[in-house]
Amino acid sequence: EDWVAPLLEGHDAVDNVISVGKGSAERWKTAWNLRQHRYDVAFNLHGGTTATFFTRASGARHRVGYSHYQYPFLYNHLLSSASDFWRQEKTHSAEQQLALLGFVGIPVNDRPKSRLAVTEKAAEQVRTTCGSGWFDSGKFVLMHPTTAFFTKQWPVENYARTTEFLAERDLHTVAITNKAEADTLKQLVAASKVPITTFDDLTLPGITALASKAKLFVGNDSGIAHIAAAVNTPSVVIFGSSNRDHWRPWTDAPSEIVFEEYACQPCPGYICEVYGEPKCILSVRSEAVFSAINRLLS
């Protein structure tokens, strides 16, 4: 999708990025583009309706997917499951992607970790936006206090206490969200007793550059957590309803996941069917997050 395509700018493993905008016209245009390239092989790493449409529209002679995908008859190479490929019950999201490649003979046993490029253009834009020396000093922590689901949202008050804990260790907090979640940043600033730098307008390449300079990432299970992992920034990720085995940081950098275990985990996260409120994330203690931070800092 066009809004996320910039994440791949400058990546040495990517030859060509074909992005697609919203609307049927954009999708048909992209489908035609794919068809013209005459690809030999198409991997559907997602399985949703749009990805399935593009896989088939590509006209690729070999179309690879999972047997549980919708419209499986559109593929001519189907893998039963990532668990079958790796011969293990639990698999990470990255292992699910790698399994499709390994299924057709591409060597994947090294299970490479996620990786994003940091462009000098993005770094310079963030450096200019910051207007202070903390960006290049690396003496700051990147915090992402929001997420898509309330069942994964650690309370803002807890994040405020965390900024104070970090300040005691001479670390400045830089908190980021998007424009739609800017109120959370205002709440965080109001609840904290220490200064916080906030951004709600950084591009994804800018966030990548910012994460690469941070001493540590602290935040909810979210896409920003995965960006931090992909630039080898040590991270503390706070989990609620989501699947920890599937979505933990996929990185060689030091990382910790903090959670309170409940029998109902994981769940889709749209609502809390058991308690009415998401006890899984609300029960995570600040002290547990502080301990994880201390372990990574040491």
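For the packing entries I take contact to mean heavy atoms within 4.5 Å. The model I am reading is predicted.

Entry on α8. I began with helix α8, residues 182–191, and asked which of its residues are buried. I found Ala-182, Thr-184, Leu-185 and Leu-188 to be buried. Looking down the axis of α8, I noted that these buried residues fall within an arc of 150 degrees, so they line one face of the helix. On the face turned away from the buried side of α8 I noted the exposed residues Lys-186 and Ala-190. I then looked up what covers the buried residues of α8, and the cover includes β4 (140–144), α7 (156–167), β5 (172–176) and β6 (196–199).

Entry on α9. Next I turned to α9 (204–213), where I wanted to know how many of the 10 residues are buried. Eight of them are, so α9 is largely enclosed by the rest of the structure. The buried residues I listed are Leu-204, Pro-205, Gly-206, Ile-207, Thr-208, Ala-209, Leu-210 and Ala-211, and the elements against which they pack are α5, α6, β4, β5 and α10. At the start of α9 I also noted that a side-chain oxygen of Thr-203 comes to within 3.0 Å of the backbone nitrogen of Gly-206.

Entry on the cores. In the largest nonpolar core, which has 29 residues, I asked which ones touch the most other members, and these are Trp-134, Ile-176, Leu-210 and Ile-227. At least two residues of this core come from each of α5 (120–130), α6 (134–137), β4, β5, α9 and α10 (223–230).

Entry on the cavity. A search of the whole structure gave me one cavity of 30 Å³ or more. The largest cavity holds about 40 Å³ of space, and I listed its lining as Pro-6, Leu-7, Glu-9, Ala-117, Val-118, Thr-119, Ala-122, Pro-205 and Thr-208.

Entry on His-11. A polar atom of the His-11 side chain lies 2.9 Å from the backbone oxygen of Arg-115. Not counting residues up to four places away in sequence, His-11 touches Arg-115, Leu-116 and Ala-117.

Entry on Thr-251. I ended with Thr-251, which sits in the loop between α11 (244–247) and β9 (255–258) and counts as buried at 11% relative accessibility. What does the side chain of Thr-251 contact? I found a polar contact with the side chain of Asn-232 at 3.2 Å, and I noted that a polar atom of the Thr-251 side chain lies 3.0 Å from the backbone nitrogen of Ala-253. Again not counting residues up to four places away in sequence, I recorded that Thr-251 touches Lys-113, Ala-229 and Asn-232.

Note on methods
Residues are numbered from 1 along each chain as its sequence is written. This is a predicted model: local features need pLDDT of at least 70, side-chain atom pairs count only at pLDDT 80 or more; totals for chains, interfaces and linings use all residues. Side-chain values use heavy atoms; hydrogens and water are left out. Helices (H or I, at least four residues) and strands (E, at least two) are DSSP runs, numbered from the N terminus. Buried means under 20% relative accessible area, exposed over 50%, partly exposed in between (1.4 Å probe, protein chains only). A polar contact is a pair of N or O atoms within 3.5 Å; within protein, one must be able to donate a hydrogen and the other to accept it, and residues adjacent in sequence count only if both atoms are side-chain atoms. The arc is that of the directions from the helix axis to the C-beta atoms. A nonpolar core is a set of buried Ala, Val, Leu, Ile, Met, Phe, Trp, Tyr and Cys residues joined through side-chain atoms within 4.5 Å. On a 1 Å grid over the protein atoms alone, a cavity is a set of points where a 1.4 Å probe fits but cannot get out, and a pocket is an open set with protein on both sides within 12 Å along at least five of seven lines; lining residues have an atom within 4 Å of a point. Grid points are joined across faces, edges and corners, and a volume is the space filled by probe spheres set on the points.
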